[in-house]
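This report describes the helical architecture and the packing of a predicted model. The sequence and structure are shown first.

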Amino acid sequence: MMDRDPNLSNVLRSWRHTVAGAPRFNAEVWTRIEAARDAPWTVAEFLARRSGLPAQEFRWAVPVVATLALVFAMAAGAGAGVLHTRLTENDRMAAAYVQTIDPLQLTGVHR
């Protein structure tokens, strides 16, 4: 059993913490947002350093590359699905045919 200190309970019950607001908080946030809009992206900065062109020229590159990667992944997935279907089509057709003529497998289908 724990002993409770009544003085501590009273102090904790009466304790209040007030946070002083930052008077220029909104202005500072908008200043950082505007600075970020004007700053080049890190990927654009990297490409600009490699090619010698301004970073503003490469701002379009990141969304375009991401879109092309997504389209390539979708095409590769669809192609893999079609290829798998073609490779296993004969096996599936053969199994279905055997089930129609084999009496042992025919009884297993109707259970």
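Helix α4 (residues 61–101) comprises 41 residues and spans 60 Å from its first C-alpha to its last, close to the 60 Å expected at 1.5 Å a residue; the expected span is 1.5 Å times one less than the number of residues. At threonine 88, α4 bends by about 45°, the bend being the angle between axes fitted to the seven residues ending there and the seven starting there.

The protein chain contains 5 helices and 0 strands, in the order α-α-α-α-α. Helices (H or I, at least four residues) and strands (E, at least two) are DSSP runs numbered from the N terminus.

This is a predicted model, in which local features need pLDDT of at least 70 and side-chain atom pairs count only at pLDDT 80 or more, while totals for chains, interfaces and linings use all residues. Residues are numbered from 1 along each chain, and side-chain values use heavy atoms, without hydrogens and water. The pLDDT is the predictor's confidence in each residue, from 0 to 100; for the protein chain its mean is 82, and 88% of residues reach 70 or more.

Of the 111 residues, 5% count as buried, that is, under 20% relative accessible area with a 1.4 Å probe, protein chains only.

Definitions and conventions: Buried means under 20% relative accessible area, exposed over 50%, partly exposed in between (1.4 Å probe, protein chains only).
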